[in-house]
Protein chains: 2
Amino acid sequence: VEGFRSISPAEFFYRNRQMAGFGNPTQSVYSAVRELVENSLDACEDAQRIPQIRIAIDNQSSDILSIKVADNGSGLPYQHVPEAFGRVLYGSKYDQKQKRGTFGLGVTMAVLYGQITTDSSVVVHTQNSSGPGRVYSLLIDVEENMPIIESEREQVRSDDGTTVTIKLRGDLKRARERVVEYIRLTTIASPHAVIELDFGGSEMIKVGGWSKRVPEVPIPSKPHPRSADLEILRRLITKSPSKKLHDFLVDSFQQVGSRTASRFLKFLGLDSSARIESLSRADISRLSTSLQRFDGFGRPDSRCLSPVGEEAFLLSVRSLFSPSWILYSKQKPSEWQGNPFFAEGVIALGSKFPNVDTPTLYRFTNKVPLLYDANDDVMTKIMRRLNWKRYGFSGPLPVALFMHFGSTKVPYRAAGKQSLAHMIEIETAVTGLIRTLGRALRKQAGRRDQSRRDARK
Amino acid sequence: VEGFRSISPAEFFYRNRQMAGFGNPTQSVYSAVRELVENSLDACEDAQRIPQIRIAIDNQSSDILSIKVADNGSGLPYQHVPEAFGRVLYGSKYDQKQKRGTFGLGVTMAVLYGQITTDSSVVVHTQNSSGPGRVYSLLIDVEENMPIIESEREQVRSDDGTTVTIKLRGDLKRARERVVEYIRLTTIASPHAVIELDFGGSEMIKVGGWSKRVPEVPIPSKPHPRSADLEILRRLITKSPSKKLHDFLVDSFQQVGSRTASRFLKFLGLDSSARIESLSRADISRLSTSLQRFDGFGRPDSRCLSPVGEEAFLLSVRSLFSPSWILYSKQKPSEWQGNPFFAEGVIALGSKFPNVDTPTLYRFTNKVPLLYDANDDVMTKIMRRLNWKRYGFSGPLPVALFMHFGSTKVPYRAAGKQSLAHMIEIETAVTGLIRTLGRALRKQAGRRDQSRRDARK
Ligand SMILES: Nc1ncnc2c1ncn2[C@@H]1O[C@H](COP(=O)(O)OP(=O)(O)OP(=O)(O)O)[C@@H](O)[C@H]1O
Ligand SMILES: Nc1ncnc2c1ncn2[C@@H]1O[C@H](COP(=O)(O)OP(=O)(O)OP(=O)(O)O)[C@@H](O)[C@H]1O
Ligand SMILES: [Mg+2]
Ligand SMILES: [Mg+2]
């Protein structure tokens with residue numbers, strides 16, 4: 001019998017890097033750019049600044065690329081840089097509000113991929129408001145899941161923010177189109193961001209800045225009772241074991257007012273003034289089940305969410321695609337397993353879109369465009385389920401659908417964050433949104449046909 | 001700025017359990033059964049015994065199920081039971097040969113899901129050849145990724161092997177059909193396995209035992225040079241730093257004979273008798289790149305692989321589906337990024353298959369049937385890419401395609417192991433296999449049409 005042992009999470013994602021988007025030399029270039037830009041946009045959001053992001057991709061030899069992304073974000077606290085970039089499952093985004101990053105994995109995967117394909121360390125130059133900037137040169141010890149600091153020194157940077165340089169093996173020829181598309185689509189969900197993409201030749205692409213307004217930063221929220229599985233409940237109990245049960249519920253969860261808590265506990269046959277540490281294991285189990293099923297709690301607070309919103313969404317799609325007709329819609333915020341979410345979208349008609357029998361679908365989650373793994377994504381499945389002949393498609397039409405899902409927790413199918421898993425509440429909201437947009441298209445297509453008939457007369 | 005911290009791999013997979021197949025109450029039942037049965041079949045393979053596996057699924061209350069899987073495998077070494085079941089990324093299958101399990105994650109996910117939905121501990125009764133069996137009752141400490149031993153004691157078991165009982169919340173009504181299908185299809189790739197499935201009612205399903213022959217156990221192999229990225233190469237170097245470079249290559253890798261090694265090093269301009277610890281960092285980097293690209297090394301040894309094989313594959317498909325026509329084919333073994341793999345498959349015509357325009361596809365990897373996430377799987381994509389009208393489908397036909405991919409390393413898209421990522425060498429092999437089977441169908445369909453025309457005369 002083979003020996004038993006454990007492996008580090010870095011080892012796991014090294015062995016299975018295709019799960020994180022680093023399986024082949026084309027997608028790896030895209031994934032590296034995407035993980036870096038995503039982090040830059042989150043950092044600019046933290047700093048409440050209009051993002052100015054500069055990406056330089058340099059083809060150093062046949063298939064060795066240098067990817068450098070510079071931002072004007074918050075910068076990192078210096079003592080956290082080595083682990084942020086050199087340790088898997090380490091980060092600052094584990095709280096309950098909508099952001100692009102979530103795992104503490106993304107940039108470390110890019111560093112890892114660069115290291116195993118080119119033996120290069122990542123260079124991180126960051127400056128925050130606490131003092132002059134620092135430059136780190138880092139490697140990752142995969143078996144231990146720890147950073148190796150090759151060098152670090154003080155170096156002032158022109159402004160607060162971060163510049164990350166990664167050297168990796170990649171197929172730039174094939175990846176280029178994907179990277180350009182990713183950057184353009186990023187400005188749809190973040191219309192205030194100004195992004196420059198420089199391929200080292202004569203070509204420099206500049207996009208974004210469609211809007212001048214910095215979006216409001218979402219506010220972290222308490223968990224909703226519907227998310228209270230036993231693990232979450234136990235942790236809340238451990239934090240304040242001597243609280244009275246009634247106060248515990250009101251203080252630990254959102255949407256649990258004093259009277260609702262009393263009514264709920266009465267219905268459960270539990271004593272409001274009992275200390276929670278006195279609850280039996282069976283009571284805790286029953287409490288967990290009932291919190292998740294009781295229908296008397298309000299819908300989750302959506303201030304932890306950050307949709308693009310009608311004005312900005314229409315503005316950015318118009319700026320990029322100049323559609324002849326466009327419409328925005330947004331579903332009422334909802335929740336999946338207690339996690340607040342929204343679904344918003346735009347449908348557009350225009351000559352820049354290909355003529356198709358079902359709309360060209362552009363997917364976004366938490367303000368990030370998704371370019372891979374479309375076929376099992378719940379958004380794609382629902383879009384294909386509609387009979388588009390009943391929604392204006394008597395023949396091919398130049399129509400595109402832009403769908404944005406945002407949540408404090410996105411149910412990604414895999415660590416590469418390219419595809420949404422199937423959750424019944426999300427399916428319901430996305431279906432409602434697509435039908436609303438489809439009906440608007442049908443009305444518009446009707447008008448279009450009518451005006452053509454009138455024109456012929 | 002939010003606090004920086006790390007999370008354990010158990011915490012990561014708890015938060016993102018949909019990536020491992022535990023996102024909703026229907027798929028969770030299927031995933032739990034699948035992870036348990038997969039482990040039982042691997043254990044029987046280690047013990048070189050004909051698997052006798054008994055699955056009992058008991059509906060204890062509206063949506064609480066007890067899932068119990070008993071096998072006659074090798075059992076576990078007693079000291080490893082707590083971590084095997086109560087720690088994520090801990091297992092015995094990290095070596096280089098084909099097996100069903102690979103991550104050290106599967107069963108712990110089922111334990112975790114059961115624990116957070118029903119507060120139950122997993123009960124593991126195992127016995128191995130070293131002494132009388134032991135029963136463990138375990139929970140998992142998610143934040144620490146460590147097992148919690150609720151109880152353990154000696155308890156003799158009727159035979160060597162393992163019985164695992166997990167209580168979880170699930171939708172048995174919806175999951176039942178998937179579980180039955182999974183068990184039936186499992187006997188296609190493991191035709192010697194006898195599996196009983198008992199739903200606690202009057203219904204007891206017994207399948208398998210189509211073949212009486214225990215398949216040969218695969219032999220672990222040395223890495224192939226084409227897999228020598230810098231991480232792998234560094235680890236090999238660290239194991240034997242004072243070896244001469246020539247001997248290092250011949251001893252560390254498969255398919256590197258003495259003369260090939262000399263020729264390769266001459267071509268690289270490196271000294272065969274230099275000690276590897278004396279190599280510069282640049283030389284190691286060059287060595288890694290060249291090992292992966294040199295075309296003078298032989299194809300990988302395929303004794304680390306375990307295909308079903310023609311005889312067993314035809315026997316099991318016939319036993320389950322009684323096709324009127326059936327054909328087997330297997331591609332020459334190949335490698336993807338240095339990992340040996342095979343692609344084998346069967347095409348069958350028969351009234352038990354639905355009439356379709358493209359064949360009903362049954363996918364298998366490393367002897368495990370895949371029932372979810374078909375649409376982005378490379379096998380599905382290639383099958384849909386073929387123009388089946390040119391392969392005998394002048395109209396709908398009752399045709400099914402059974403495709404089995406096996407490798408020392410399977411490039412799964414996500415931790416739930418339901419879908420294969422896109423790798424160019426795998427695409428090539430699967431395309432070749434599907435075309436071979438398609439051409440055979442075309443010939444057969446031609447004969448069928450001809451014999452119908454003859455019959456009408
Ligand atoms: N450009 C940047 N500016 C400021 N902070 C950054 C930047 N890049 C990374 N960080 C910090 O490093 C941490 C780790 O980044 P990483 O991309 O690995 O994880 P993440 O963004 O938290 O989650 P995900 O894996 O989903 O991307 C982040 O949480 C963030 O705090
Ligand atoms: N029924 C069993 N009989 C013998 N050993 C078992 C059994 N079930 C689990 N094990 C042992 O426990 C370990 C952990 O199991 P687990 O399913 O978590 O991981 P794995 O099978 O190694 O990989 P994967 O995550 O891909 O399933 C296995 O590697 C195996 O050694
Ligand atoms: Mg990130
Ligand atoms: Mg397993």
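A salt bridge here is a side-chain nitrogen of Lys or Arg within 4 Å of a carboxyl oxygen of Asp or Glu. In this predicted model, A:R134 and A:E152 meet that criterion, with their closest N and O atoms 3.1 Å apart. Over all chains, the structure holds 72 salt bridges. The count of disulfides over all chains is zero. Chains A and B superpose with an RMSD of 0.0 Å.

**Salt bridge in chain A**

- A:R134 pairs with A:E152 at 3.1 Å between the closest N and O atoms.
- This pair links distant parts of the chain, 18 residues apart.
- A:R134 sits in strand β6 (residues 131-141) of chain A, and A:E152 sits in strand β7 (residues 146-154) of chain A.
- A:E152 has 38% relative accessibility, so A:E152 counts as partly exposed.

**Salt bridges in chain B**

- B:R363 and B:D377 form a salt bridge, with 2.6 Å between the closest N and O atoms.
- B:R363 belongs to strand β14 (residues 360-365) of chain B, while B:D377 lies in the loop between β15 (368-370) and α11 (378-385) of chain B, so the bridge ties together parts 14 residues apart in sequence.
- B:R363 is buried at 4% relative accessibility.
- B:D377 is buried too, at 0% relative accessibility.
- B:E83 forms a salt bridge with B:R87, the closest N and O atoms lying 3.7 Å apart.
- B:E83 is partly exposed, because its relative accessibility is 24% and buried means under 20%.
- B:R87 has 18% relative accessibility, so B:R87 counts as buried.

**A salt-bridge network**

- A network of salt bridges links A:E11, A:R15, A:E143, B:E231 and B:R235.
- Residues of chain A and of chain B both take part in this network.

- The same surface serves both copies, as 100% of the contact residues of chain B recur in chain A.

**Cysteines**

- The structure contains zero disulfides over all chains.
- A:C304 has a relative accessible area of 1%, so A:C304 is buried.
- B:C304 counts as buried, at 0% relative accessibility.

Notes. Residues are numbered from 1 along each chain as its sequence is written. Chains are lettered from A and ligands numbered from 1 in the order in which they are written. This is a predicted model: local features need pLDDT of at least 70, side-chain atom pairs count only at pLDDT 80 or more; totals for chains, interfaces and linings use all residues. Side-chain values use heavy atoms; hydrogens and water are left out. Helices (H or I, at least four residues) and strands (E, at least two) are DSSP runs, numbered from the N terminus. Buried means under 20% relative accessible area, exposed over 50%, partly exposed in between (1.4 Å probe, protein chains only). Copies are superposed by least squares on the C-alpha atoms of residues with pLDDT of at least 70 in both. Contact means heavy atoms within 4.5 Å. A disulfide is a pair of cysteine sulfur atoms within 2.5 Å.
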